[in-house]
Amino acid sequence: MILRTVIGLKSLWKYLSKLKFSEGEWLMKLSKLTKPELEEIFRNANFTEEEEKVFWDLSKGISQKEISFRHSVSITTVERRVRGIKEKIIRIGGEKYGAN
């Protein structure tokens, strides 16, 4: 199970490091990870409470617009939190796999 989690994080890092896909595509890939893979990211990323809520919603495939409505915040706020989540996932992938 740990190996699968590492493989999942490596795959996610590969997707993010290319940065040749749209934000929507990145979010769709996040929703395809398994629960253990998502929990591994969550444990290592050090999300804020607000980012944590958005992360779990994104992992369920919920749109940013719907997240904005559910949490009673602007879409701009959700986009900022998504950027923070993405940066933290890149950071943990980079540290874990030796990327800069």
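Helix α3 (residues 35-45) packs against helix α4 (residues 49-59) at an angle of about 165°, and their axes lie 12 Å apart. The model is a predicted one. Its chain has 6 helices and 0 strands, so that the order of elements from the N terminus reads α-α-α-α-α-α.

**Packing of α3 and α4**

- An angle over 145° counts as roughly antiparallel, and α3 and α4 are therefore roughly antiparallel to each other.
- The crossing in which α3 passes α4 is right-handed.
- On the α3 side the contact involves L38, E39, I41 and F42, and on the α4 side it involves E52, F55, W56 and S59.
- Sorted by class, the residues in this contact of α3 with α4 are 5 nonpolar, 1 polar and 2 charged.
- An α-helix has 3.6 residues a turn, so residues three or four places apart point the same way.
- K35 belongs to helix α3 and is exposed, with a relative accessible area of 57%.
- K35 and S59 are 24 residues apart along the chain, and their C-alpha atoms are separated by 8.9 Å.

**Packing of α4 and α5**

- The axes of α4 and α5 come within 10 Å and cross at roughly 135°.
- At that angle α4 and α5 are therefore oblique to each other.
- α4 passes α5 in a crossing that is right-handed.
- K53, V54, D57 and L58 of α4 make this contact with Q64, I67, R70 and H71 of α5.
- By class, the contact of α4 with α5 consists of 3 nonpolar, 2 polar and 3 charged residues.

**Burial in α4**

- The buried residues in α4 are E51, V54, F55, D57, L58 and S59.
- Of these, F55 and S59 take part in the contact with α3, while V54, D57 and L58 take part in the contact with α5.

**Loops and positive phi angles**

- N46 is not a glycine, yet its phi is positive, at about 60°.
- N46 sits in the loop between α3 and α4.
- With 61% relative accessibility, N46 counts as exposed, because the cut-off for exposed is over 50%.
- S72 is likewise not a glycine and has a positive phi of about 55°.
- The loop that holds S72 runs between α5 (64-71) and α6 (75-97).
- S72 is exposed, and its relative accessible area is 67%.
- G61 follows α4 and has a positive phi, near 85°.

**The chain as a whole**

- The chain has 100 residues, of which 39% are buried.
- Of the contacts between residues at least 6 apart in sequence, 66% join residues at least 24 apart.
- The chain exposes about 6400 Å², and carbon and sulfur atoms supply 53% of that area.

Methods: Residues numbered from 1 in each chain as written. Predicted model: local features only at pLDDT ≥ 70, side-chain atom pairs only at ≥ 80, totals over all residues. Heavy atoms only, no water. Axes fitted to C-alpha atoms, helices over the stretch in contact; angles between N-to-C directions. Helix = DSSP H or I, 4+ residues; strand = E, 2+ residues; numbered from the N terminus. Parallel < 35°, antiparallel > 145°, perpendicular 65-115°, else oblique. Left-handed = near helix turned anticlockwise from the far one by under 90°. Contact = heavy atoms within 4.5 Å. Nonpolar A, V, L, I, M, F, W, Y, C, P; charged D, E, K, R; others polar. Buried < 20%, exposed > 50% of the residue type's maximum accessible area, 1.4 Å probe, protein only. Areas by Shrake-Rupley, 256 points an atom, 1.4 Å probe, with all protein chains shown as cover.
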